[in-house]
Amino acid sequence: APKHENNENNPRPMGIEKGSEVGKDEQNDFQWNDAPTLAFPSISTSDFQFNMDKASDVIVEAVADFFSKVDKVKLILVDLSSKSKMLSLVKVKASEKNVDTTRFSTYAGDITRLYTGGGLHCNVIANASNWRLKPGGGGVNAAIFSAGGEALEIATKEQADTISPGSSIIVPVPRTSPLNQREGVTYVIHVLGPNMNPQRPNCLKDDYVKGCKVLYEAYSSLFNNFASIAL
Ligand code: AR6
């Protein structure tokens, strides 16, 4: 067991209590603690300047729709700080919509250090990408490419050169990548969300009718791609 497992500073996502029976489905003996888990950041709400209140509605709707079709997988929304406005908004709305907290939780921490920083086993993580699937830039994209090393860059290029808003691309993470070796991440799914930042390509200029539609498509594409790997 990793050393940090008893560290109180590493909050566990709701619904996953170490050493307890929480998450065990009595009916069929299904172990929720072992369920395939996707960790994902809030797409478009930082550099792409998408309204957080609207984005949180879209996330909860996309999660609820996905859970109505797919069973026995877990989703975790991740953001860097426990003071994250996105995490608070989504927690409130998920609870209002009665989304199952065994299957959907939030986690404050670095998505590139889920295992070494939080003891979480997530073999699939999502990235808020740019249309050229290029490393760097900033935000979670820079963090994931930096943690993934050259191996992730090469593996990404093997899958695609570009990506369009509202879609996602599955990249198997090579064993040589530190993200795989250190964190146990075997897939990164790059997602391109809608952009409201005039200084970035394809700005939607505050068209939130289109924006919410594209954001919903981005999450459905992500979740469906995750299911195609996990199940
Ligand atoms: N771990 C978890 N969450 C993070 C991390 C991290 N290490 N770093 C940032 N976040 P953003 P976007 C959160 O800006 O708005 C890039 O340059 C952050 O707090 O990364 O979709 C790309 O190349 C926020 O909640 O993505 C694109 O050009 C969320 O991740 C552009 O930014 C997404 O913020 C995409 O912009």
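Residues are numbered from 1 along each chain as its sequence is written. In this predicted model, local features need pLDDT of at least 70 and side-chain atom pairs count only at pLDDT 80 or more, while totals for chains, interfaces and linings use all residues.

The protein has a mean pLDDT (the predictor's confidence in each residue, from 0 to 100) of 90, and 88% of its residues reach 70 or more. Residues 1–24 have pLDDT below 50, and beyond near neighbours in sequence this stretch has 31 contacts in the model (C-beta atoms, placed from the backbone, within 7 Å). Where pLDDT is low, the predicted coordinates should not be read in detail. For the complex, the predictor gives an ipTM of 0.99 and a pTM of 0.90.

Around the ligand stand 25 residues, counted where the C-beta atom, placed from the backbone, lies within 6 Å. The closest are Ser-46, Asp-47, Ala-128, Gly-137 and Gly-139. Strand E4 (74–79) and helix H4 (139–159) each supply at least two residues of this shell, and H4 gives the largest share, 4 residues.

Elsewhere, the axes of helix H1 (residues 52–69) and helix H2 (residues 85–96) come within 9 Å and cross at roughly 45° (lines fitted to C-alpha atoms over the stretch in contact, with angles from 0 to 180 degrees between N-to-C directions). H1 is therefore oblique to H2, the class left after angles under 35 degrees (roughly parallel), over 145 (roughly antiparallel) and 65 to 115 (roughly perpendicular). Among the residues that meet are Met-52 and Ile-59 in H1, and Met-86 and Leu-89 in H2.

Methods:
Contact = placed C-beta atoms within 7 Å.
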